[in-house]
Amino acid sequence: MNADAARGDLAALDDGELVARTIAGRQAAFREIMRRHRDPLYRVVRGHVGDAEEALDLVQDCFATAWRHLAGFDQSRPLRPWLARIAINRARDWHRRRALRRFIGFGVGGEEETVPADEPLPDAAAGARIELERAWAAIARLPERLRETLLLRTVNGLSQAETAAALKISEKAVETRLYRARLRLTALLGEG
């Protein structure tokens, strides 16, 4: 069987089957997990840290953590909220390290986030990119609880139940946080 056919076979499997195959030593199964979940994890982390380059590094760290702890994953549960929880924890760790570096003086200069200027650019794509960066910067400024809920539910499309499971809160709390996050985000985007 060639590599393309094997990849197609793995793409047809559900996450639980991929986890089982990964634990059994099939690295290609974990590559399929990464392919399937890298973009949603990137969106969670990117929205959390507000920096595209840092987000890429943190997503790699998320998958390394998932690899190390995959044997402890309950295969009867959905994988996506579990990976989202890892991503949120890595982003929180990043914020703590960043705050510590600032506190002890290593983060002076170059670390502050900047929001691109709102000047119209001749190229529509460049203008859209600026607006997207403004949105990511505004999301990154939301309080952690609201940011996480917004990213999981709205940006990554997790269901209310999956979001609640990932954040270890009730579904009603997800609804409330999402409402508050949208209000705050609208206000933040209105400031610019």
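How many cavities of 30 Å³ or more does the structure hold? The structure holds 1 such cavity. The model is predicted, with local features requiring pLDDT of at least 70 and side-chain atom pairs counted only at pLDDT 80 or more, while totals for chains, interfaces and linings use all residues. Residues are numbered from 1 along each chain as its sequence is written, and side-chain values use heavy atoms, with hydrogens and water left out.

A cavity is a set of points, on a 1 Å grid over the protein atoms alone, where a 1.4 Å probe fits but cannot get out; lining residues have an atom within 4 Å of a point. Volume is the space filled by probe spheres set on the points, which are joined across faces, edges and corners. The largest cavity contains about 50 Å³ of space. Its lining consists of H37, P40, L41, V44, R80, A84, N156 and L158. Two or more of these residues come from each of α3 (27-49) and α5 (79-104), helices being DSSP runs of H or I with at least four residues, numbered from the N terminus. The largest share, 4 residues, belongs to α3. By class, the lining has 5 nonpolar, 2 polar and 1 charged residues. Here Ala, Val, Leu, Ile, Met, Phe, Trp, Tyr, Cys and Pro count as nonpolar, Asp, Glu, Lys and Arg as charged, and the others, Gly among them, as polar.

Helix α3 has a kink of about 50 degrees at H37, shortly before the proline P40; the bend is the angle between axes fitted to the seven residues ending at a residue and the seven starting there. G50 follows α3 and has a positive phi, near 75 degrees.

In soluble globular proteins, nonpolar side chains tend to be buried together. The largest nonpolar core has 42 residues. Such a core is a set of buried Ala, Val, Leu, Ile, Met, Phe, Trp, Tyr and Cys residues joined through side-chain atoms within 4.5 Å, where buried means under 20% relative accessible area with a 1.4 Å probe, protein chains only. The residues with the most contacts inside this core are I33, L41, V45, V49, L83, L150 and L152. The largest share of the core, 8 residues, comes from α5. Leaving aside residues up to four places away in sequence, V45 touches G50, A55, L58, V59, C62 and A87, a contact being heavy atoms within 4.5 Å.

Definitions and conventions
1 Å grid on protein atoms, 1.4 Å probe; cavity = no way out; pocket = protein on both sides within 12 Å on 5 of 7 lines; lining within 4 Å. Buried < 20%, exposed > 50% of the residue type's maximum accessible area, 1.4 Å probe, protein only.
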